[in-house]
Amino acid sequence: MALLDASRSILVVIDFQGKLVHMVQRPAPVLEAARRLLRLADLFAVPVVLTEQYPKGIGPTEESIRTVYDGLATPKFFLEKTAFGCCGDTGFEALLQQARPMLRPPQRQIVIAGIEAHVCVMQTVLELLASGQEVHLCWDAISGRGEEYRNRALDRMAAAGATITNHESVAFEWARDKNHPQFKALSALMKEGQPQG
């Protein structure tokens with residue numbers, strides 16, 4: 001699996017919604033890692049897709065995530081879905097194409113944050129992999145209502161070909177060199193306080 005390339009990457013942030021987001025394992029550090037990923041995507045001009053699973057029933061995106069998303073300057077896209085896996089919604093592939101119009105699916109690098117690991121995240125990841133796309137899972141920005149569910153889902157996705165990573169590795173792969181114009185901003189973001197867990 002190749003190192004991440006900001007020019008090929010898309011960040012997909014899956015279903016951080018309603019009361020459910022506070023019922024998952026380690027909600028505070030997971031939310032912090034997801035917010036950092038959104039801000040890093042902005043620094044490196046990586047497009048973002050934010051999804052919500054049936055918000056009428058589950059509720060809207062958690063306020064702090066939505067605030068960061070709304071403030072992004074990088075291209076951003078939103079998908080409201082009823083299918084658990086994002087790929088089960090016909091609009092998802094169209095958003096990925098809009099996000100990176102010059103890339104065919106096998107050229108894309110999809111970076112994933114979201115809940116729940118064993119349902120919406122896993123179904124999305126397995127279908128992305130089946131369609132030949134490269135998937136990078138930020139374990140520190142992925143959770144679920146049970147640690148065992150989360151761990152087994154990460155194992156299954158890794159066995160299927162996904163790369164397990166974290167938001168810091170993503171950041172330094174997007175930068176690649178301390179002379180990158182965004183490295184000082186990246187460094188400042190990392191010094192703001194480390195997510196625990």
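F183 is partly exposed at 21% relative accessibility, a class that lies between buried (under 20% relative accessible area) and exposed (over 50%), with a 1.4 Å probe and protein chains only. F172 is likewise partly exposed, its relative accessible area being 40%. The model is predicted, so that local features need pLDDT of at least 70 and side-chain atom pairs count only at pLDDT 80 or more, whereas totals for chains, interfaces and linings use all residues. Residues are numbered from 1 along each chain as its sequence is written, and side-chain values use heavy atoms, with hydrogens and water left out.

Two aromatic pairs are present in the structure; rings of Phe, Tyr and Trp (its six-membered ring) pair if their centres lie within 6.5 Å, and planes under 30 degrees apart count as stacked, over 60 as edge-to-face and the rest as tilted. F44 and W174 form a tilted pair, with 6.1 Å centre to centre and 50° between the planes. This pair links distant parts of the chain, 130 residues apart: F44 in the loop between α1 (27-43) and β2 (48-53), and W174 in helix α7 (residues 167-175). Helices (H or I, at least four residues) and strands (E, at least two) are DSSP runs, numbered from the N terminus. F44 is buried at 7% relative accessible area, and W174 is buried at 4% relative accessibility. The ring centres of F172 and F183 lie 6.1 Å apart with the planes at 65°, and the pair is therefore edge-to-face. Because F172 belongs to helix α7 and F183 to helix α8 (residues 183-190), the pair ties together parts 11 residues apart in sequence.
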